[in-house]
Amino acid sequence: MKKLLPCLLLPLLMACSDQRASFEIASRQHSLTLIRVQNFFWEKTARYAIVAARMPDCQRRHEMGPGGAESRVEVYAPGNDAWILKQGKRMFVVETRSCEGFAKLDGEPDGGMGPLQGTFQMRSGTLSFVAAPPSEAPVAQ
């Protein structure tokens, strides 16, 4: 029985999932990295955080709180090194000028969301950033 006990506990030790994916803005030194931590694979929620970085000037982690384990996080670019993160009905704004600015939004900003840059999402059990397809240029008439 003593030899069998470690084998039975092994799935519990492997249950925690800590995954990260990055959206490279201009380079590896200028990026947004989403961190997703799920304590047990059977849980339907995970904790999320975003790391804003523009190295060597700044880097800061901001907690987004819990969300659905499979929820997507869309990234929009309204401009001026500000980024809007949309996770279901929740929205946040983060900036990469000083990496200090981070706030929860009550609704869509008056100036709009800006163009979609891509989406953080689970693909085959792995957190990934999927870039948005390039928008087509408007046809001149």
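What share of the contacts in the protein between residues at least 6 apart in sequence join residues at least 24 apart? With contact meaning heavy atoms within 4.5 Å, the share is 42%.

## Basis of the description

This is a predicted model, in which local features need pLDDT of at least 70 and side-chain atom pairs count only at pLDDT 80 or more, whereas totals for chains, interfaces and linings use all residues. Residues are numbered from 1 along each chain as its sequence is written, and side-chain values use heavy atoms, with hydrogens and water left out.

## Overall make-up

The protein has one helix and 10 strands, and along the sequence these follow the pattern α-β-β-β-β-β-β-β-β-β-β. Helices (H or I, at least four residues) and strands (E, at least two) are DSSP runs, numbered from the N terminus.

Of the 141 residues in the protein, 35% are buried, where buried means under 20% relative accessible area, exposed over 50%, and partly exposed in between, with a 1.4 Å probe and protein chains only. The protein exposes about 9200 Å², of which carbon and sulfur atoms supply 54%; accessible areas come from the Shrake-Rupley method with a 1.4 Å probe.

## The four-stranded sheet

Four strands form an open sheet in the order β1-β2-β3-β4, with antiparallel pairing; two strands are said to pair if DSSP finds at least two bridges between them. Because β1 (17-27) and β4 (58-68) each have a single partner strand, they stand at the edges, and one side of each is left without a neighbour in the sheet. From one strand to the next the twist averages 15°, an angle taken between N-to-C directions on a scale from 0 to 180 degrees, with axes as lines fitted to C-alpha atoms.

Within this sheet, β1 pairs with strand β2 (residues 30-38) in the antiparallel sense over nine bridges, and A21 stands opposite L34 in β2.

## The six-stranded sheet

A second open sheet consists of six strands in the order β8-β7-β6-β5-β9-β10, and its pairing is antiparallel. Its edge strands, β8 (102-105) and β10 (126-131), each pair on one side only, and the twist averages 20° from one strand to the next. Strand β5 (residues 73-79) and strand β9 (residues 116-123) are joined in the antiparallel sense over four bridges, and the bridge partner of E74 in β9 is T119.

## Around V93

V93 lies in strand β7 (residues 90-95) and counts as partly exposed, at 24% relative accessibility. Leaving aside its neighbours within four places in sequence, V93 is in contact with A82, W83, I84, G101, F102, A103 and L105. V93 and P109 are 16 residues apart in sequence, and their C-alpha atoms are 9.8 Å apart in space.
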